[in-house]
Amino acid sequence: MTRYLPGGGTAGREDVGLRMLCFPYAGGAASTYVRWQRLLGPDVRVLPVQLPGREGRMAEKRFTNLPALIDDLDEELGPELEHPHVLFGHSMGALIAFALAERRHARGARPAEALLLSAYRAPHLPPPEFAAPDATEHDLVESLVSLGGIPQVLLDHPDWLSALLPIARDDLLMCSGPGPSGTVPLPYPVHTFAGLDDVLVTPEELLEWERYAAGLFDSRTVPGGHFFIRESEAEFLAELRDVLARLTPPRIAVH
């Protein structure tokens, strides 16, 4: 059992079908994706990935170096990734998903069925212009609020907000450090998702991921800003469901 999958994972089970491992945005956690299993239906097993230093892993040291995190993910998730799977990530999660896919491709491990990247720039572009990791608490909160990254319930509870900010700061430090090489296109489909009104990562910038796909590439736009996966959940999941339906038997429920 791996620490990265709060539900224990499904490694070794042949009755599961397609697995979708979901990586969180900066400051986010596995709970972001807990509703998706019910909403996407039975033909995909949603596996939210819990990074160290948040929610049930709060006592563990957070990674601030992406290659070190990828080393750990590759080892810990290896058994799960020996089954048919896709990798999904939103914002920072897209960076993690791509870096893990690149690492596994380089060592000849089982490939993903597809890579699903949401709201993050391709490796050859500069990282999104967000608050610096050493920004003041006020500036960091302002940046998160402007993007819709802080739910109102956190703003109403200063103690909860204080617990979130160190996580977001460490995640931003990781995003600003060494990243994936992006030198070899990946030999499986790459699908990207953009928010129509995202001021941090534009739909045009998401198109730049095409150079990292040796095969099928498509890019979809959803209403909303940077956190469209929350703002326009129904519209986004309809697009995601359509992508997954092309990778699985046609039984995904329509809601």
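Student: Which residues does L115 touch, leaving out those up to four places away in sequence?

Tutor: This is a predicted model. L115 touches L87, A97, F98, A101, L186, Y188, P189, V190 and H191, with residues up to four places away not counted.

Student: How many residues are in the largest nonpolar core, and which have the most contacts inside it?

Tutor: Look for buried nonpolar residues joined through their side chains. Here the largest such core has 41 residues. F23, L73, L77, L87, I96 and L115 have the most contacts inside it. At least two residues each come from β1 (18-23), α2, α3, β4 (114-118), α6 (158-175) and β5 (190-195). The largest share, nine residues, is supplied by α3. Another core, of 25 residues, lies apart from this one; F227, L240, V243 and L244 are among its members.

Student: At what angle do α2 and α3 pack?

Tutor: Read angle, axis distance and handedness together. Helix α2 (residues 66-76) and helix α3 (residues 92-106) pack at about 65°, their axes 10 Å apart. The crossing is right-handed. From α2, L66, P67, L69, I70, D71, L73 and D74 take part; they meet L95, I96, A99, L100, R103 and R104 of α3. The residues of this contact divide into nine nonpolar, four charged and no polar.

Student: Is V199 buried or exposed?

Tutor: Compare the relative accessible area with the cut-off. V199 counts as exposed because its relative accessible area is 72%, and exposed means over 50%. V199 sits in the loop between β5 and α7 (203-206). Its C-alpha atom is 7.1 Å from that of H226, 27 residues apart along the chain.

Note on methods:
Residues numbered from 1 in each chain as written. Predicted model: local features only at pLDDT ≥ 70, side-chain atom pairs only at ≥ 80, totals over all residues. Heavy atoms only, no water. Axes fitted to C-alpha atoms, helices over the stretch in contact; angles between N-to-C directions. Helix = DSSP H or I, 4+ residues; strand = E, 2+ residues; numbered from the N terminus. Left-handed = near helix turned anticlockwise from the far one by under 90°. Contact = heavy atoms within 4.5 Å. Nonpolar A, V, L, I, M, F, W, Y, C, P; charged D, E, K, R; others polar. Core = buried A, V, L, I, M, F, W, Y, C linked by side-chain atoms within 4.5 Å. Buried < 20%, exposed > 50% of the residue type's maximum accessible area, 1.4 Å probe, protein only.
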